[in-house]
Amino acid sequence: MQSTKFVILDVETDGRDNVVDLGYCVRTRSEKIAQGGFLMLDIFAEKGSYYSKDYLGMADRREIEPTTFAKARTFMNDLVNSLSGRVIVCAYNASFDRRALNKTSLRQDGNFFFDRYFDWLDIWRAWADTSPKAFRELAPFSASGKYLSTTAENVYRFEFQEPEFVEAHTGEADAVIESDILDRVLKRKKRLPINDMKGMVWRDFKVEGAEQENETLKNEFQELMKRMGN
């Protein structure tokens, strides 16, 4: 029986849904089998980067592969089409990554990023579905330690009990830690929310000794909903 392959993608954009950096990690339910990252030199040269990262230095050091968006798209399509068994494309905030990839691709030549249909999995939604849904448990691992933050960095800190962990915020590095989060999800052997792109929110805003902050927490909740595209 051929195993399911999970292709985890992570994109960095210029802030306007133009993909500058694309990272990927391919895994089965038991192991990682491939990973890599691309710097889109054509988009980087035209748009610049929204983030203050040393992209060109990383490209010179071959920490990220310098290429064009079209070549990276061809590589990714060849990769996913070469995989045996079922293929599920994954991203931590899948609606954002899928939208950015398709918008960039459509601007290039009118084509969608992938040349055939794939199921998608939102890793945050999958993790939230299979993990304790209590604000007080995740909060100590958030950036502020006070308000709820559901970034991959904070979930990784919480899941692996590494409160000092800091993401590299490059596509490949982020795809790898998101693969690690997905690995924990898969080990829980729960039903995966395939193609559920609405995201998942935390509903427990009752924090002992912090009732006076309810209004602020409601505002945080609304901001979270906006970030998740709801």
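These legends describe close-up views of helix packing and aromatic rings in a predicted model. Residues are numbered from 1 along each chain as its sequence is written, and side-chain values use heavy atoms, with hydrogens and water left out. In this predicted model, local features need pLDDT of at least 70 and side-chain atom pairs count only at pLDDT 80 or more, while totals for chains, interfaces and linings use all residues.

**View 1. Helix α7 packs against helix α8.** Helix α7 covers residues 152–160, and helix α8 covers residues 171–187. Helices (H or I, at least four residues) are DSSP runs, numbered from the N terminus. The two axes come within 10 Å and cross at roughly 50 degrees. That angle makes α7 oblique to α8. Axes are lines fitted to C-alpha atoms, for helices over the stretch in contact, and angles run from 0 to 180 degrees between N-to-C directions. Under 35 degrees counts as roughly parallel, over 145 as roughly antiparallel, 65 to 115 as roughly perpendicular, and the rest as oblique. The crossing of α7 and α8 is left-handed (the near helix is turned anticlockwise from the far one by less than a right angle). From α7, Ala-152, Val-155, Tyr-156, Glu-159 and Phe-160 take part in the contact; from α8, Ile-177, Glu-178, Asp-180, Ile-181 and Arg-184 do. Contact means heavy atoms within 4.5 Å. This contact has six nonpolar, no polar and four charged residues. Ala, Val, Leu, Ile, Met, Phe, Trp, Tyr, Cys and Pro count as nonpolar, Asp, Glu, Lys and Arg as charged, and the others, Gly among them, as polar.

**View 2. Helix α5 also meets α8.** Helix α5 spans residues 123–130. Its axis comes within 9 Å of the α8 axis, and the two cross at roughly 35 degrees. This crossing is left-handed. Ile-123, Ala-126, Trp-127 and Thr-130 of α5 touch Glu-178, Ile-181, Leu-182 and Val-185 of α8. The contact of α5 with α8 divides into six nonpolar residues, one polar and one charged.

**View 3. Helix α3 crosses helix α4.** Helix α3 (residues 69–82) and helix α4 (residues 94–109) pack at about 120 degrees, with axes 11 Å apart. That makes α3 oblique to α4. Phe-69, Ala-70 and Arg-73 in α3 meet Leu-101, Thr-104, Ser-105, Gln-108 and Asp-109 in α4.

**View 4. Five aromatic residues form one cluster.** The members are Phe-69, Phe-113, Phe-114, Phe-118 and Trp-120. The whole structure has 12 aromatic pairs (ring centres of Phe, Tyr and Trp, the last by its six-membered ring, within 6.5 Å). Arg-98 lies over the face of Trp-120, at 5.8 Å from the ring centre. For Arg, this needs CZ within 6 Å of the ring centre and within 35 degrees of the ring normal.

Note on methods. Rings of Phe, Tyr and Trp (its six-membered ring) pair if their centres lie within 6.5 Å; planes under 30 degrees apart count as stacked, over 60 as edge-to-face and the rest as tilted.
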